[in-house]
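Dear colleague,

Please find below a structure that I am handing over to you. My findings follow it.

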Amino acid sequence: MITSVPSLGKLVFVAFLLAASAISADVDSAQKPLARAPRGLGFFHKVTHLGSLLYQQYNDTTYTLKNVYDLLSNEFTDTFTTTTPNPRTTTTTPDPTTSTTPKYRISRAELGRILNRNYRGLQKLFRLEWNEAWNQTKYNIDGYKRELKNSAFPPRNRTAGPVGANLTVQVDVKVKSP
């Protein structure tokens, strides 16, 4: 029968550990050592932390700008050339496995022309919208005068009141032309 029990020493040891943990749980909290509350960050620690954040931000920004600059400088050619083939030359049908067609790269001059054309188009659109808004101002002022008059002196009900009442209001607004 004793051979079926794994080890009597192990059982005694487990019982001892359970008794010790029960006794230590009953210890009064006044006898436990005081644990110091963690202190908040001090002023200099905050300044140091802020400095390191700014330094990391500066490094990330310069690294990103360098990558963008490298990417843009590698995508444009400095000369005004295109990679379209000359139609006058006869070409043999190349082997598709060995064919290396260069990637089309736009020149900086062509990019400048495209951006300049877009900028001029945006300027023209702005001028059209501005002139339309300026011309519409006259009608907006007339509508504002009419609404002001109707809010100050609402039209009378035609079925009641005197017929000959004069309800005109003079509103002078001077519009400054551009």
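Is tryptophan 130 buried, partly exposed or exposed? In this predicted model, tryptophan 130 is partly exposed, since its relative accessible area is 48%, which lies between the limits of 20% and 50%.

The aromatic residues come next. There are two aromatic pairs in the count. In one of them, phenylalanine 43 and phenylalanine 44 have ring centres 5.3 Å apart and planes at 75°, so the pair is edge-to-face. Phenylalanine 43 is exposed at 60% relative accessible area, and phenylalanine 44 is exposed at 64%. Tryptophan 130 belongs to a stacked pair with phenylalanine 126, with 6.2 Å from centre to centre and 25° between the planes. Phenylalanine 126 and tryptophan 130 are both part of helix H3, where four residues, about one turn of the helix, separate them. Phenylalanine 126 counts as exposed, because its relative accessibility is 56%.

Serine 107 is found in the loop between helix H2 (43-75) and helix H3 (108-152). Serine 107 counts as buried because its relative accessibility is 2%, and buried means under 20%. A polar atom of the serine 107 side chain lies 3.1 Å from the backbone nitrogen of glutamate 110.

Yours sincerely

Terms used:
Residues are numbered from 1 along each chain as its sequence is written. This is a predicted model: local features need pLDDT of at least 70, side-chain atom pairs count only at pLDDT 80 or more; totals for chains, interfaces and linings use all residues. Side-chain values use heavy atoms; hydrogens and water are left out. Helices (H or I, at least four residues) and strands (E, at least two) are DSSP runs, numbered from the N terminus. Buried means under 20% relative accessible area, exposed over 50%, partly exposed in between (1.4 Å probe, protein chains only). A polar contact is a pair of N or O atoms within 3.5 Å; within protein, one must be able to donate a hydrogen and the other to accept it, and residues adjacent in sequence count only if both atoms are side-chain atoms. Rings of Phe, Tyr and Trp (its six-membered ring) pair if their centres lie within 6.5 Å; planes under 30 degrees apart count as stacked, over 60 as edge-to-face and the rest as tilted.
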